[in-house]
2 protein chains.
Amino acid sequence: MTTPTSTAPDFPALDPSALDDLAAKLSPGALTTDPDVIDAHSSDEALFCPREGAIALVRAASAEDVQEVMAFASAHRVPVVPQGARSGISGGANASPGAILLNVSKMKDVVAVNEAERLVTVQPGIINQDLKDHLAPFGLSYPPDPGSVALSSIGGNIATNAGGLCCVKYGVTRDYVRSLKVVLADGTITTLGPQTAKGVAGLDMRHLFIGSEGTLGIVVEATLRLVPALPEPFTAIATFPDERSGLQTVADFMAGGGVPSLFEFLDGASLRMLNDYGDFGLDGDAGAMLIMQVDDNPADAEAAMSTFTEVAQRCGALDVAYSDDPSDSAALITARRMIQPAYEKFANAHGGGQLLDDVCLPRTAVPEFCDRLAELRSSSGLEIALVAHAGDGNMHPSVFFDSGDAAETAKAEGVFAEIMRIGLELGGTITGEHGVGFLKRAWLPNELDEGSRRIQLAVKNALDPLGILNPGKMLAEI
Amino acid sequence: MTTPTSTAPDFPALDPSALDDLAAKLSPGALTTDPDVIDAHSSDEALFCPREGAIALVRAASAEDVQEVMAFASAHRVPVVPQGARSGISGGANASPGAILLNVSKMKDVVAVNEAERLVTVQPGIINQDLKDHLAPFGLSYPPDPGSVALSSIGGNIATNAGGLCCVKYGVTRDYVRSLKVVLADGTITTLGPQTAKGVAGLDMRHLFIGSEGTLGIVVEATLRLVPALPEPFTAIATFPDERSGLQTVADFMAGGGVPSLFEFLDGASLRMLNDYGDFGLDGDAGAMLIMQVDDNPADAEAAMSTFTEVAQRCGALDVAYSDDPSDSAALITARRMIQPAYEKFANAHGGGQLLDDVCLPRTAVPEFCDRLAELRSSSGLEIALVAHAGDGNMHPSVFFDSGDAAETAKAEGVFAEIMRIGLELGGTITGEHGVGFLKRAWLPNELDEGSRRIQLAVKNALDPLGILNPGKMLAEI
């Protein structure tokens, strides 16, 4: 396939010697123009997104470095692509023509843990799991757990308002951001949001910046709200003859007032790929699987397990098992954790291509969505497998294709788009937690009405009048 | 005292006949220019805020009415003051010169309850308690519970991101807003935010509008996230010889991992006023009181009650009592519910004036804050009483004064301002949940840094280029 070209606005050519002036103002060695190094930092994990044209990489060591880069970028009208761990899958961290890649992954300190206030202040580059590990000895938890928890940074989590598996009970990144230090387009540093539990003084710029994908400014420090250490969960696992019976179990359990801390769904195709990847004790006939966790106190959790068993059996479960032993829990969710390697094995055996989508639906629309996926699988001839955060309607279908076959690749891209169209038709959104980035920018106008598009652009233009912050990405086509 | 004049921008004079044209486009009888009716709708519950100069009142019956008013206001550059129940206490709903008062309190329908998705869609005028009552038969709860729960409307709660007593566990209004229908300055109607549990498609305009106090647009419909019916709480009440011992109890209980669903503090002055108001079985020697609720399952709640008792006694409590009987709980928190009438009795006996403040602090700064209040009481000679949402550091001190005495009134205003100054000095915010409105607009620049002020104004100007939405209020002096 041909990689689409970026529609970033035209920027004036920069006199290369100007970069020397910038380098002199930054931490020693922070700026490089080595083409190989730039190339190695020019993309995240997304497929089909342009990654060409960066002119420099700055590995910022401090907020001051970030300020210098933005002041320089404003003075010379140079585009800037903010980056963290580059673990995203929407191309939001990909290079664009003429851009400085501004990477904050070296800024990864825990600045302070405040046990009395249940707060932690961190630099943006810290990896989510590293933060969790740091907090454990304090008896404190930072709940958000994107699938990329071991790879992705807090700054990136904030930039995309990352979700994860625990959202069904604990919410998303936004729900844990107390205040942000942000560098604006012109290099000004500002603090957004109070350090207090409540606060309504002025427009809430903090929440505007969360999820803005580097288009409004660059987070250089975040103070996050914590909760007491999460209890060890009880885990239940159930297999079903088909998807409908599994999804009915989700609907009935939630309608009964269930409050799971994790509620994952795997479809038949996913189970076949898992069985092909390893022995997880899965019934070869199973057409769907649910994994459900509850982390209430033992009595309530035990009751929830019984209710779940009863509901699942009434809906036709082939098998239900649960455990209150944390080591058993870990074993029970192994299948869920191995789904991406299993997908990769399947993909590698079928031409290597996998496009992972991320639509979020009203929970009640999920059964219809699964039927539509089955139709798509049939009409396209491509394999599609679904894993879902079923408790909150967040669907992650993967489309598999032969990446060496241009026609099949184009077909896979069409299926990927069709999944978004179906998501919108069923009352959902084109992205629940992965973000728009480059990958879905052409689809954003299909989700937003005219007024919403207009005020988003107005806000973007007001905060970044030169259009230098991550151009060609999220809002580029609305 | 002299009421300060508004600094709203100058607007061109409107030909009065133009209002006839507007009236003809609205629901029958929606617009009135009757001076008495306008006057009766020209203020909320705030003191010391201007309320003069409105030219018309529109009681909108529909989103279309709101659109017509805004289209008219944009065409003629007429200021518009959005209003709901006018129960606010910051003057945010007060009239301003030349303004149309746009009241949405007649738009109070429950549009839909979606049990399967745990969502409710409402018009903005519905009273918070009426919504709670409507949801009870469905076994669903909308947690936010501002002190004005029986008076204030959901639209106003969204406009100020209202908090309340349950925030320490359940968060604030923002945490329950799924999507909004909003009318923009030019009359365009737009939907902000998806209906789904997760969603990151574009800039989050929904969160920008929450807490924007009618300065960016007018909410005409809201879809709110619900939770399963909240359990009946266990309630504990403890009295202490002084404030320090009560506040130490708060700190120690929270540090031990406690998760109360309500945690209220009353100081000695409040207790004296309560004892003067009625017999609540309060020890006359008590210098502070805590009321704490836990709504976990009975076993956990019982354990929390024991822990609380132990902590309170160790800190020197005079008396601790608790109950798991909901009717006892209601009796135990009667004193808390009666605090405002008790304040009013005291105020009425001392010249009638009461200024209620609303600073939010880091929880650990509360003891220092109480010491500062004692100093202020002493230096000013004015009575000051404190009730606080102690679990989240939200302080509501009241300053009492003789409203017929200009010098004492001015002194009270000075004390009110000094309380905000102390709040900022201790790392807090000038408003935890009441909003800025007119009352605190001059103080907002003291809280926000230069960058934050600049981008707030940039956003305001981008979305309301004519400056017609609630001028002279929140952002008028930054």
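This is a predicted model: local features need pLDDT of at least 70, side-chain atom pairs count only at pLDDT 80 or more; totals for chains, interfaces and linings use all residues.
Residues are numbered from 1 along each chain as its sequence is written, and chains are lettered from A and ligands numbered from 1 in the order in which they are written.

Start where chain A meets chain B. Chain A brings 79 residues to the contact and chain B brings 80 residues. Contact here means heavy atoms within 4.5 Å. The two chains bury about 5400 Å² between them. Of that area, 61% is on carbon and sulfur atoms. Buried area is the accessible area (1.4 Å probe) that two parts lose on being put together, summed over both. Lys198(A), Val200(A) and Leu203(A) supply 16% of what chain A buries against chain B, more than any other three residues.

Now look inside chain A. Its domain assignment gives domain 1 (110-228) and domain 2 (234-425). Such bounds come from an automatic or database domain assignment. The C-alpha centres of the two domains of chain A lie 29 Å apart. Seven residues of domain 1 of chain A touch 13 residues of domain 2 of chain A. Together these domains of chain A bury about 730 Å², with 58% of it on carbon and sulfur atoms. Leu165(A), Val168(A) and Lys169(A) supply 77% of the area that domain 1 of chain A buries against domain 2 of chain A, more than any other three residues.

Next come the helices. Helices (H or I, at least four residues) and strands (E, at least two) are DSSP runs, numbered from the N terminus. Two packed helices are described by the angle between their axes and the distance between the axes. Axes are lines fitted to C-alpha atoms, for helices over the stretch in contact, and angles run from 0 to 180 degrees between N-to-C directions.

Take H14 (residues 366-380) and H15 (residues 406-425) of chain A. They pack at about 155°, with axes 11 Å apart. H14(A) is therefore roughly antiparallel to H15(A) (angles over 145 degrees count as such). H14(A) passes H15(A) in a right-handed crossing, where the near helix is turned clockwise from the far one by less than a right angle. Among the contact residues are Phe369(A) and Leu373(A) of H14(A), and Val415(A) and Ile419(A) of H15(A). The contact of H14(A) with H15(A) has six nonpolar, one polar and four charged residues. Ala, Val, Leu, Ile, Met, Phe, Trp, Tyr, Cys and Pro count as nonpolar, Asp, Glu, Lys and Arg as charged, and the others, Gly among them, as polar.

H1 (residues 16-25) and H3 (residues 63-76) of chain A come within 10 Å and cross at roughly 155°. H1(A) and H3(A) are therefore roughly antiparallel. Ala18(A), Leu19(A), Leu22(A) and Lys25(A) meet Glu68(A), Val69(A), Phe72(A) and His76(A).

End in chain B. H1 (residues 17-25) and H3 (residues 63-76) of chain B pack at about 155°, with axes 10 Å apart. H1(B) passes H3(B) in a right-handed crossing.

Conventions
Side-chain values use heavy atoms; hydrogens and water are left out. Angles under 35 degrees count as roughly parallel, over 145 as roughly antiparallel, 65 to 115 as roughly perpendicular and the rest as oblique.
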